Amino acid sequence: MFADYHVHTEFSDDSVYPMESVVRDAIQMGMDEICFTDHVDYGVKDDWDAGVEIRWRGNEPFANVDYPAYMAEIRRMQSEYGGRIHIRTGLEFGMQTHTIPQYKALFARYLFDFIILSVHQIENKEFWTQDFQRGRSQKEYNERYYQELLDLVRNYKNYSVLGHLDLIRRYDNAGDYPFEYTKPLIREILQTVIQDGKGIEVNTSSYRYGLNDLTPSEEILRLYLELGGTILTIGSDSHKPEQLGAHISDTRKRLKELGFQNFCTYAEMKPVFHEL
Ligand SMILES: [Zn+2]
Ligand SMILES: [Zn+2]
């Protein structure tokens, strides 16, 4: 089973990769299953049908997925290519505690196979621009990030896995913040995830960012295993052709070495287990 469970297309504001090209490329590389997980980031981006004027960043609309068009295109892909590849319907929810009600409403509007719960912004401030970290100490922004994630998993349950759980590391200009300091918060997050029958993803973009570790880190993955976590998905977080399906087989090997036995795909929000 070769599956990519974190894939962006032209329906995301930061990708121009047409969905049909993604499907054809995936078939070409022998993929058995793909799940589309385009971006929704309430608080910083608007919905197309929100009745407000969409802001533009260069040539790209600064907007969430155009849901009706997205759902229609996925259905078209399924009917055209469904004999060659399983195509699943997902989204990546870039959540913040103050946007939970908007995600609840969105989740109720459509049928999904899979939802990634990610944190890309806090207080509507982005990490990649350093807007969130600015004016905070390394301790403050690390703790604030994991606290936000903990508050989210305690108060929102319609998701499948946590996306790139330690994303803040990628944008930490002060260098590696020791795992021991945030371990108590991360433990509480993982315990909540496990208790609720949810999982975490391994995001293979760590390879392209040149990180000397997996995302989340092997320390987090070991803790997850130790706490009894079994639900793992693997996704490339691809936005471009050369990123699709990348490093998935290396990651499977590494996860097996760490002691995991399975990875998951999803159908109608339920995990399906496959051997690593
Ligand atoms: Zn993300
Ligand atoms: Zn993503």
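This is a predicted model: local features need pLDDT of at least 70, side-chain atom pairs count only at pLDDT 80 or more; totals for chains, interfaces and linings use all residues.
**Entry 1**

Where does Glu123 lie? I found Glu123 in the loop between strand 7 and strand 8 (125-126); helices (H or I, at least four residues) and strands (E, at least two) are DSSP runs, numbered from the N terminus. Phi of Glu123 is near 55°, a positive value in a residue other than glycine. Glu123 counts as partly exposed because its relative accessibility is 36%; buried means under 20% relative accessible area, exposed over 50%, partly exposed in between (1.4 Å probe, protein chains only).

Residues are numbered from 1 along each chain as its sequence is written, chains are lettered from A and ligands numbered from 1 in the order in which they are written, and side-chain values use heavy atoms, with hydrogens and water left out.

**Entry 1: zinc ion (ligand 1)**

I looked up the protein donors of the zinc ion (ligand 1) and got Glu92 (OE), His120 (NE2) and His164 (NE2), 2.1 to 2.2 Å from it. Donors are N, O and S atoms within 2.8 Å of the metal (3.2 Å for Na, K and Ca); water is not among the atoms, so sites may look incomplete. Their spacing in sequence reads E-x27-H-x43-H. His120 sits in the loop between strand 6 (114-118) and strand 7 (121-122), and His164 in the loop between strand 9 (161-162) and helix 5 (167-170), so the pair ties together parts 44 residues apart in sequence. Both His120 and His164 are buried.

I went back to His164 for its backbone: phi is positive, about 25°, although it is not a glycine. For reference, most residues other than glycine have a negative phi. At 2% relative accessibility, His164 counts as buried.

**Entry 2: zinc ion (ligand 2)**

For the zinc ion (ligand 2) I have His6 (NE2), His8 (NE2), Glu92 (OE) and Asp237 (OD) as protein donors, lying 2.1 to 2.3 Å from it. Glu92 bridges this zinc ion (ligand 2) and the zinc ion (ligand 1), with 3.4 Å between the two. His6 belongs to strand 1 (residues 3-7) and Glu92 to strand 5 (residues 86-94), so this pair ties together parts that are 86 residues apart in sequence. His6 and Glu92 are buried too.

What is the arrangement of the four donor atoms around the zinc ion (ligand 2)? I have it down as irregular, because the angles run from 83 to 169°. The cut-offs: four donors count as tetrahedral if all angles lie between 85 and 135 degrees; four count as square planar and six as octahedral if opposite donors are over 155 degrees apart and all others between 65 and 115; anything else is irregular.

**Entry 3: helix 2**

I checked the length of helix 2 (residues 67-81): at 1.5 Å a residue its 15 residues should span 21 Å, and the end C-alpha atoms are 21 Å apart, which agrees. The expected span is 1.5 Å times one less than the number of residues. Tyr67, Tyr70, Met71, Glu73, Ile74, Met77 and Tyr81 of helix 2 are buried. Seen down the axis, these buried residues fall within an arc of 165°, so they line one face of helix 2; the arc is that of the directions from the helix axis to the C-beta atoms. Arg75 and Ser79 are exposed on the other side of helix 2. The buried residues pack against helix 1 (19-28), strand 2 (33-40), strand 5 and helix 3 (100-109).

**Entry 4: helix 9**

In helix 9 (residues 248-258) I noted Ile248, Thr251, Arg252, Leu255 and Leu258 as buried. They fall within an arc of 120° seen down the axis, so they line one face of helix 9. Lys253, Lys256 and Glu257 are exposed on the other side. Just after helix 9, Gly259 takes a positive phi of about 115°.

I found a cis peptide bond between Thr215 and Pro216, omega about 0°. Pro216 is in the loop between helix 7 (205-208) and helix 8 (218-226).

I also looked up Thr97, in the loop between strand 5 and helix 3. Leaving aside neighbours within four places in sequence, Thr97 is in contact (heavy atoms within 4.5 Å) with Glu148, Asp151 and Leu152.
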